[in-house]
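Subject: Handing over a structure

Hi,

Here is the structure I promised to pass on to you. Have a look at it first, and then read on for what turned up in it.

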Amino acid sequence: MAINKEDIAIQFELLLKEYSVARYEDSIWAFPDYPHRIKSNYGWKIHISAILTNAIQIARKFLTLNQKYHFDFKIISSIPYLEQMNMGYFGNSQVGKFITIYPDQSAVTETLELLYYYFHDDVGIRVGSDTSYKQGLNVYS
């Protein structure tokens, strides 16, 4: 059965709205609607990658988990941007960066462990600029 990219894109957009993640016009990133402290020069960052066929599943899992933890994060803002990201359109250093988490710098290991627990069975794109955590397939730091 062929993948219907339009359906996936619509479902993803609805998911971001459901979890109050704000998309900004012409931005590849969407952000939580609560106050966050994302800085470009941050320190540790954790990336969760996804492929087109599991992007909604991974996003839903993360956004549900985030209701408890309120991470500082950004997520790709659309499925077309995810496709471009995974193909290297934004540069090789950006490949695979579906969700970027900015953990509390005193809790990086704990955050990695938590994310690994939730996502270790999921498949993603290798994030070339990072190291996979515990040889996982989609959590990188």
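Glu113 is partly exposed, at 32% relative accessibility (partly exposed lies between buried, under 20% relative accessible area, and exposed, over 50%, with a 1.4 Å probe and protein chains only). Please keep in mind that this is a predicted model, where local features need pLDDT of at least 70 and side-chain atom pairs count only at pLDDT 80 or more, while totals for chains, interfaces and linings use all residues. Residues are numbered from 1 along each chain as its sequence is written, and side-chain values use heavy atoms, leaving out hydrogens and water.

Glu113 has a partner in Lys134: the two form a salt bridge, with their closest N and O atoms 2.8 Å apart (a salt bridge is a side-chain nitrogen of Lys or Arg within 4 Å of a carboxyl oxygen of Asp or Glu). Glu113 sits in helix 4 and Lys134 in the loop between helix 4 and strand 6, so this pair ties together parts that are 21 residues apart in sequence. Helices (H or I, at least four residues) and strands (E, at least two) are DSSP runs, numbered from the N terminus. Lys134 is also partly exposed, at 45% relative accessibility.

Asp122 belongs to the loop between helix 4 (108–119) and strand 6 (139–140), and Lys61 to helix 2 (residues 55–69), so the pair ties together parts that are 61 residues apart in sequence. Asp122 is buried, at 5% relative accessibility, whereas Lys61 is partly exposed, with a relative accessible area of 25%.

Another is the salt bridge between the side chains of Glu83 and Lys5 (2.9 Å, N to O). Here the link is between helix 3 (residues 79–86), which holds Glu83, and helix 1 (residues 5–18), which holds Lys5, so parts 78 residues apart in sequence are tied together. Both ends are partly exposed: Glu83 has a relative accessible area of 24%, and Lys5 has one of 43%.

Now for the wider picture. The protein has 4 helices and 6 strands, and from the N terminus on its elements run α-β-β-β-α-β-α-β-α-β. Its radius of gyration is 14 Å, close to the 14 Å that the globule rule gives for 141 residues, so the protein is as compact as a globular protein of that length (the radius is taken over C-alpha atoms, and the rule is 2.2 Å times the number of residues to the power 0.38). Of the 141 residues, 46% count as buried.

The 6 strands make an open sheet with antiparallel pairing, in the order 1-2-4-5-3-6; two strands pair if DSSP finds at least two bridges between them. Which strands are at the edges? They are strand 1 (21–23) and strand 6, each of which pairs on one side only. Further in, strand 2 (residues 29–32) and strand 4 (residues 72–76) pair in the antiparallel sense over 2 bridges. In strand 4, Ile76 is the bridge partner of Trp29.

I hope this helps you find your way around.

Best wishes
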